[in-house]
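Subject: Structure handover

Hello,

Here is the structure, with the sequence alongside. My notes on it follow below.

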Amino acid sequence: MAKHGRSIVKNNLKICYWNIGGINTHNMNKLEDHLFVQEIKEYDVVILAETHIGYDVNLHVEGFNYFPVCRNISTNGRYYGGLGIFRRTSLKDHIKIIPGLSKDFQWIKFEKQFFCLQNDIYLCAAYVPPANSSYTKKLDFDIIDQIEKDIVSYKSKGDILFCGDLNARTSTEEDYIAQDSSRYLPLFESYKPDNQIRFRKNCDETLDSRGKEIIDLCISNQMRVVNGRCMGDLLGHFTCFNTHGQSTVDYLIANERLFNQILYFRVSEFVSTFSDCHCKISWEILAKYQITETQSNNLHAAPVNFRWTEDSPLKFQQALLSPDNQQKISSFLINDSDCSSEDINKKAQDLCDIFLSAAKISLVTPKKNKKGSRPQKKWFDSDLFKMRKNVISLGKIYSRYPKDPVIKGRYYKYFRIYNKCRKVKYKQFINSMLQKLDTLRVENPKQYWKLINDIQDSKKENCSSQIDSDTWANHFRNLHSAIDNTFYSRLNQLEMILNDKEKSLVFNDLDNDISKKEISDAIASLKSGKACGPDLISNEMLKYILCVQLNGMFSSSVFLKTNNTEKIQLKIRKMANAMIQDALQNQLTQAAQMMEQQVDAELHRLDNMDEDDFESLRRKRMEGMKKAQKQKQDWMTQGHGKYTEILDEKEFFEMCKKSKRVVCHFYRDSTFRCKIVDKHLEILAHKHMETKFAKINAEKCPFLIERLRIVVLPTMCVAKDGKTTDYIVGFDEMGGKDDFPTEMLEWRLGRADVINYSGDLLEPPSVASEKKTGILGHAKTNKTIRGRNDDSSDEDDW
């Protein structure tokens, strides 16, 4: 079994730690979310804290080896805490898991020989629960003390790294002895003073009792907090965000020897759909190693089956009558041959090619799902996907501006709405599935069990094997390698007996010729809906291929001669055309009958209407007119029907909140083209009462300009239901001319679905009948070769 691969030299080790608050949250597995997997796949070692699972659950990430550290199940039947350690498969032999008894931290060893390090690195990954939690109070030992004992034991063997959610707040307390020196010590005493390293910054100014313990641990073991000191986090960003505020509780701590080998340390932005309140922390260590990416060349892709629908038989038969396939069939019939095994195999392959060429023309193959396009849950629809995307973006903004109360309130409000909508969608999905099961159990048992199997498959965990195909092949190859010679001698004896039996003349049904009737009966007995073999020839292709005519291609033992080819082809064409005409006639008859039934039903309803029916119809129309009049009054109260100017950003947000449809023009007084837009929008505001038209001075709303990313003036912003849906930038979409008609802008706004447009949205209105004067009354001048009136400079970059 051949292998091939390429060697890759790397100069760093990438590690990340992330408290995710449970692998399975909101009825979804985070490892099935492609966005989450993308966040962690770039690292060599991934440590996930608070996985909330037991040892019976196997997590799988492609290219990684999984090692769990789990607590015992609680009295309420749930799991809490836990660590999930993922090592890159190519490095797992050189990143060793050190056995331990603790359920709250795990030691990992990095071999110095492989990674070209000065010393072995011992990494402690931990999740330390809050000091006042019920779990901590039940423990008969202190987790921090236990970790410190291990640090004292391992620091003589190599360098120490300590990372995790420690639930400790250290403020900017010094983690070393200031102005430490060995100048005044006796000569016989060996003491290494603390290095006076960079002052540590921290956005969290709170110091608690657990934080003091961490500082004491650092001072006593000459270890330093990396947060707020290293490139990537020089300001000491917050690592935890919740409704009570922000804090720094996730740390990376390194001894002094290893501190200078850390290339960067980064606190990622807060993503609430991946973790309940924690940010991912990641770092990179200076190292040099070589790995070989091996790839097996013995794997073959599974064949893609053709999808067979109701109209597939007719299309497949038409494809067989195409000129290319007719030529293949002719050459298939012309080539006479002997009955040798090689020739029969070639003929079978030619016939398969005919089938497949027709299938490729007429049939469709299932589309491959885009891997990880969105969470693979049937109840997680496009609306939830968009809301989730907005929650992620708001969470990132919140992590950048954590002390802004407006951003914080907006984020948590939208997050609650998203959670509520998600729960409602999931309950609706469960109820719909139960209703389907109730109805299908009696009406359609086949669909009932298919639905049961789909539900069971969706609940199955990802059991993808982490063992490559070459390992399996070598295992089974060597499974019976120690067989003695007695087995092989007996095998040879049996083969000789079988060969003698084949040479003897005995009666066998297979020695007789196969008749046409037997072929027809065999094809007719094939069941539909079965999977095809490696040749991709499905049972449906054989059943609907006019087997009677194709059987005419074959005789008992030889193929037909050339002079019968044209007759067979003509017969196939006649029968196919007759079938096509019958199918079309039936479809037209059914459509005409349906239309006639609908017309008769409507006429019958109108003929049988009495005074009560007319009164009910009149009442409904009156109610509709009153509702429309009330809606118009509400619009006028909100300022619809006129083109107004808003003064600041607050008024802009209030306008978008009150009106469902908004068109806002961002202008500047010095830009000439903004005045052209004003004239057009003034006309459209009176015409389209359903939309709010307004303008705002771009120089007075810098925050809004930056948020909406407006760089060119004039720009018209289109908002629906409080969300920005479209932008009209400059005049390019109106023909690139200053004298475009108002109908052109009206058509463009209709395309944006912000006004009720009555024209054709597929084609813009014709401008041939427009006057040659601009909207402001200036005469339109024709361009010449020597000069031109080009005022494109009025479309200013902002």
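**Helix 4 and helix 5**

The axes of helix 4 and helix 5 come within 11 Å of each other and cross at roughly 10°. Axes here are lines fitted to C-alpha atoms, for helices over the stretch in contact, with angles running from 0 to 180 degrees between N-to-C directions. Helix 4 and helix 5 are therefore roughly parallel to each other (angles under 35 degrees count as roughly parallel). On the helix 4 side, the contact is made by Ile-144, Glu-148, Ile-151 and Val-152, and on the helix 5 side by Arg-210, Glu-213, Ile-214, Leu-217, Ser-220 and Asn-221; contact means heavy atoms within 4.5 Å.

This is a predicted model: local features need pLDDT of at least 70, side-chain atom pairs count only at pLDDT 80 or more, and totals for chains, interfaces and linings use all residues. Residues are numbered from 1 along each chain as its sequence is written, and side-chain values use heavy atoms, with hydrogens and water left out.

**Each helix in turn**

Helices (H or I, at least four residues) and strands (E, at least two) are DSSP runs, numbered from the N terminus. The expected span of a helix is 1.5 Å times one less than its number of residues.

Helix 4 has 12 residues and should span 16 Å at 1.5 Å a residue; its end C-alpha atoms are 17 Å apart, which agrees. Its buried residues are Ile-143, Ile-144, Ile-147, Asp-150, Ile-151 and Tyr-154 (buried means under 20% relative accessible area, exposed over 50%, partly exposed in between, with a 1.4 Å probe and protein chains only). They cover an arc of only 120° around the axis, which puts them on the same side of helix 4; the arc is that of the directions from the helix axis to the C-beta atoms. What covers the buried residues of helix 4 includes strands 7 (95-98), 8 (105-110), 9 (120-127) and 10 (158-165), as well as helix 5 and strand 11. At the N-terminal end, helix 4 is capped by Asp-142, which has a side-chain oxygen 3.2 Å from the backbone nitrogen of Ile-144.

Buried in helix 5 are Arg-210, Gly-211, Ile-214, Ile-215, Leu-217, Cys-218 and Asn-221. Their arc around the axis is only 155°, which puts them on the same side of helix 5. They pack against helix 4 (143-154), strand 11 (223-225) and strand 14 (250-255). Gln-222, with a positive phi near 50°, follows helix 5.

**Asp-175**

Asp-175 is in the loop between strand 10 and helix 5. Asp-175 is buried, with a relative accessible area of 0%. A polar atom of the Asp-175 side chain lies 2.8 Å from the backbone nitrogen of Val-225. Beyond its neighbours within four places in sequence, Asp-175 is in contact with residues including Ile-215, Cys-218 and Ile-219.

**Thr-644**

Thr-644 sits in strand 17 (residues 643-646) and is partly exposed, with a relative accessible area of 21%. Its C-alpha atom is 8.9 Å from that of Lys-692, 48 residues apart along the chain. The side chains of Thr-644 and Lys-692 make a polar contact (3.0 Å).

**Whole chain**

The chain has 23 helices and 23 strands. Of its 798 residues, 39% are buried.

Regards

Notes: A polar contact is a pair of N or O atoms within 3.5 Å; within protein, one must be able to donate a hydrogen and the other to accept it, and residues adjacent in sequence count only if both atoms are side-chain atoms. Angles under 35 degrees count as roughly parallel, over 145 as roughly antiparallel, 65 to 115 as roughly perpendicular and the rest as oblique.
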